[in-house]
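This report describes how two protein chains are built and how they meet. Please look over the sequence and the structure before reading on.

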Amino acid sequence: MINKKIFFKGYKSILAHDSPAIALGFCFVAIGALLKNLGFNIQESIFSTMLTYALPGSLVMAESLLVGASLLNIFLAVWFVNARLYPMAVSLFPLMMHKNQPKWKYYFSCHFIAVSAWLIMKSNYKSIPKEQRIDYWIGIGSATWSVAVLGTFLGFYFSEFLNKEIMMGLAILNPIYFLCMMVGASKTIQITLSVLLGAILGPIFYFFSPEWSILLGGVVGGTVAYLIGETNVS
Amino acid sequence: MSVSVVYAILVTSLATFLSRFLGAISSQGIKETSKIFKWFNCLAYATLAALIARTIIFPVGVLNEAGHSLRFVVVILSLAVFFLSKRNYVYPTIFSAVCMAVLVSFFK
């Protein structure tokens, strides 16, 4: 089953001095308050965070419900905005694959793919033996997921104390945290270029197709960065 | 629970899980030293950067009510805090929230 020692090592990683737990928690406080304002009850709000566990997707769902979008429209809008999770999964799971580990762990733990957990794992995986990385990952994922659920709970019940200024503060917190983590992770020419080109091309493509802008910015920016990096290496 | 909200949550979680699960399935035969892994790594970082840029420049929800210049100032100041604090992630994050709340209440 799961190696408890490694699992809790991963779980405790959110207690580090530069942990994403604070930022992630506050972001889900905002989501909890937003869902309450939309008319969700506490069960629906918690259920939403537990099952979705992706901030942009939850925001898109909330916006879509506001404008009365159909279920198909919600599905497509969320799928487009969360399509980033596919390359994130493909660029993470090979680091954790080991023949001694059962497949179910990988299928189960893919639910924990989210920016915070992904960036923590990318920063720390080298310090964990490959066979045990999946248990470490499940620990990180469980911890960030718990923080998200707790944040939603608090946000739901404290929403009446959150005025518009505080909500705006909470809304900028998550992109700033991710931005800093991305800048911090830019240690090779390929990653630095990927971050720069993605950040430039994403908003440019938004003018042509808001739905496809993230995917197009990522695919074009990432591919150009990869090719330039490979050319430099060779 | 109202039916439409539950269906919306289920559809949202299905759309989200699909990308995660397909990623886990298709990464089975990929080695971490392979070129395709490196390419997907670049795609992941670029896609995340595109998402962050879009969230800041074309936000949805309450952040949309703060002007472009206000968001730009908060981003620049937060990055300055990030570098001044020797690349600590927590200080600029907390600073950004406080800075945005103060600036919004000051300029409203």
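The axis of a helix is a line fitted to its C-alpha atoms, over the stretch in contact, and the angle between two axes runs from 0 to 180 degrees between their N-to-C directions. Two packed helices are described by the angle between their axes and the distance between the axes. The model discussed here is predicted.

**The two chains**

Chain A contains twelve helices and zero strands. Chain B likewise has zero strands, with four helices, and its elements run α-α-α-α from the N terminus. The radius of gyration of chain B is 19 Å, well over the 13 Å that the globule rule gives for 108 residues, so chain B is more spread out than a compact globule.

| Chain | Residues | Share buried |
|---|---|---|
| Chain A | 234 residues | 57% |
| Chain B | 108 residues | 45% |

The C-alpha trace of chain A spans about 55 × 45 × 35 Å along its principal axes. For chain B, the C-alpha atoms fill a box of roughly 55 × 45 × 20 Å. Among contacts in chain A between residues at least 6 apart in sequence, 79% join residues at least 24 apart.

**Where the chains meet**

In the interface, 85 residues of chain A are in contact with 70 residues of chain B. Helix 10 (residues 164–185) of chain A gives the largest share of the chain A side, 20 residues. By class, that side has 60 nonpolar, 19 polar and six charged residues.

Helix 10 of chain A packs against helix 2 of chain B at an angle of about 145 degrees, and their axes are 10 Å apart. The crossing of helix 10 of chain A and helix 2 of chain B is left-handed. On the chain A side, P175(A), F178(A), L179(A) and M182(A) take part, and they meet Y45(B), L48(B), A49(B), I52(B), T55(B) and I56(B) in helix 2 of chain B. The residues of this contact divide into nine nonpolar, one polar and no charged.

**Helix 11 of chain A**

Helix 11 (residues 189–206) of chain A has 18 residues and reaches 25 Å from its first C-alpha to its last, close to the 26 Å expected. Its buried residues include Q190(A), I191(A), L193(A), F205(A) and Y206(A). The buried residues of helix 11 pack against helix 10 and helix 12 (213–233) of chain A, together with helix 2 (35–57) of chain B.

Notes: Residues are numbered from 1 along each chain as its sequence is written. Chains are lettered from A and ligands numbered from 1 in the order in which they are written. This is a predicted model: local features need pLDDT of at least 70, side-chain atom pairs count only at pLDDT 80 or more; totals for chains, interfaces and linings use all residues. Helices (H or I, at least four residues) and strands (E, at least two) are DSSP runs, numbered from the N terminus. The radius of gyration is taken over C-alpha atoms; the globule rule is 2.2 Å times the number of residues to the power 0.38. A residue is buried if 20 or more other C-beta atoms lie within 10 Å of its own, exposed if 12 or fewer, and partly exposed in between; C-beta atoms are placed from the backbone. Two residues are in contact if their C-beta atoms, placed from the backbone, lie within 7 Å. Ala, Val, Leu, Ile, Met, Phe, Trp, Tyr, Cys and Pro count as nonpolar, Asp, Glu, Lys and Arg as charged, and the others, Gly among them, as polar. The expected span of a helix is 1.5 Å times one less than its number of residues. A crossing is left-handed if the near helix is turned anticlockwise from the far one by less than a right angle, and right-handed if clockwise.
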